[in-house]
Each structure stands twice: as C-alpha cells, then as structure tokens.
Amino acid sequence: METTHPITSTDVKEILKTNVPDLKIEQSNEGNLFKIIDGFAGYTIDLIKKGNLSAIKNCFNMAEKMLAEGSSEVKIAIGHIYVFSVTIFFNMGHTVSKQVKELLPSHLMEEYHKQVGII
C-alpha cells in the first residue's frame, strides 16, 4: 500500500507552476501560501470574466486536488481564500456563472455549500 504525504504549502507553488503555467507568482509572495492562493483565485476570476471554460476547469481541478489531498493549512487556504473568492461570481448574473458553477468538482462544491449554508 502506497502512502502519500499531504500536499504542503511548498508543494502548492510547484503544483501551480507546473499545471497553471500562465499564473505568475510574484517572487515576494513565493513563501506565503495565502498570498499564492489569493493570486491563484484572482487568476481564476480573470478566466471566469473571459469565459475561458477549459482553463477554469484546469484551475478547479488543481484546487480540488489541493483541497482533497492538502495539509490542514493548504485546505484552509483553498477553502477560505480560493473557494470564497471564486464562488462570489456564481450569483452575480455573469453570463458564464452557471457554466462555471457546473465545472466545480465535488470537494470544492462541498466547501462552497458549507460557506453559503446549504450543508
């Protein structure tokens, strides 16, 4: 049986650099998980505004992986910063809001439901 370690704050930077190459992580933020996740959320929001569904789906998949497999610190950052920031657009009547909401993977959707009081 294979044991894997949780995704740490250091892993997050590498995961994002590898899987979301257009995301620019400022050097001053490289050691700060919460600033990195905030930048990742901002990048995803820009994609939502542009309606780039395939890139949004990729971002959601990376956030889903970090939420599901992350250390407690990573899970908190994804839940409190990423999910909160990105899901604000769900109820704003934005043209792609419904499509974007449908792309949200299960763990992110669960977190969203917790935040809006559905669960």
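F34 touches E73, I76, A77 and I81, where a contact means heavy atoms within 4.5 Å and residues up to four places away in sequence are not counted. This is a predicted model, in which local features need pLDDT of at least 70 and side-chain atom pairs count only at pLDDT 80 or more, while totals for chains, interfaces and linings use all residues. Residues are numbered from 1 along each chain as its sequence is written, and side-chain values use heavy atoms, with hydrogens and water left out.

F34 lies in helix 2 (residues 33–50); helices are DSSP runs of H or I with at least four residues, numbered from the N terminus. With a relative accessibility of 35%, F34 counts as partly exposed, the class between buried (under 20% relative accessible area) and exposed (over 50%), taken with a 1.4 Å probe on protein chains only. F34 and F60 are 26 residues apart along the chain, and their C-alpha atoms are separated by 17 Å.

## Helix 2 and helix 4

The axes of helix 2 and helix 4 come within 9 Å and cross at roughly 30 degrees. Axes here are lines fitted to C-alpha atoms, for helices over the stretch in contact, and angles run from 0 to 180 degrees between N-to-C directions. Helix 2 is therefore roughly parallel to helix 4; angles under 35 degrees count as roughly parallel, over 145 as roughly antiparallel, 65 to 115 as roughly perpendicular and the rest as oblique.

By class, the contact of helix 2 with helix 4 has 14 nonpolar, two polar and two charged residues. Ala, Val, Leu, Ile, Met, Phe, Trp, Tyr, Cys and Pro count as nonpolar, Asp, Glu, Lys and Arg as charged, and the others, Gly among them, as polar.

## Helix 1 and its partners

Helix 1 packs with helix 2 at an angle of about 30 degrees, their axes 10 Å apart. Helix 1 is thus roughly parallel to helix 2, and the crossing is left-handed. S9, V12, K13 and L16 of helix 1 meet L33, I36, I37 and F40 of helix 2. The residues of this contact divide into six nonpolar, one polar and one charged.

K13 lies in helix 1 (residues 9–19) and is buried, at 17% relative accessible area. Beyond its neighbours within four places in sequence, K13 is in contact with I25, E30 and I36.

Against helix 3, helix 1 packs at an angle of about 160 degrees, with the axes 11 Å apart. The two helices, helix 1 and helix 3, are therefore roughly antiparallel, and their crossing is right-handed. V12, I15, L16 and N19 of helix 1 make the contact with N58, M62 and M66 of helix 3. It has five nonpolar, two polar and no charged residues.

## Helix 6

L108, M109, E111 and Y112 are buried in helix 6 (residues 106–116). Seen down the helix axis, the buried residues fall within an arc of 160 degrees, so they line one face of helix 6; the arc is that of the directions from the helix axis to the C-beta atoms. These buried residues pack against helix 3 (53–69), helix 4 (72–87) and helix 5 (97–103). Just after helix 6, G117 takes a positive phi of about 80 degrees.

Technical notes: Left-handed = near helix turned anticlockwise from the far one by under 90°.
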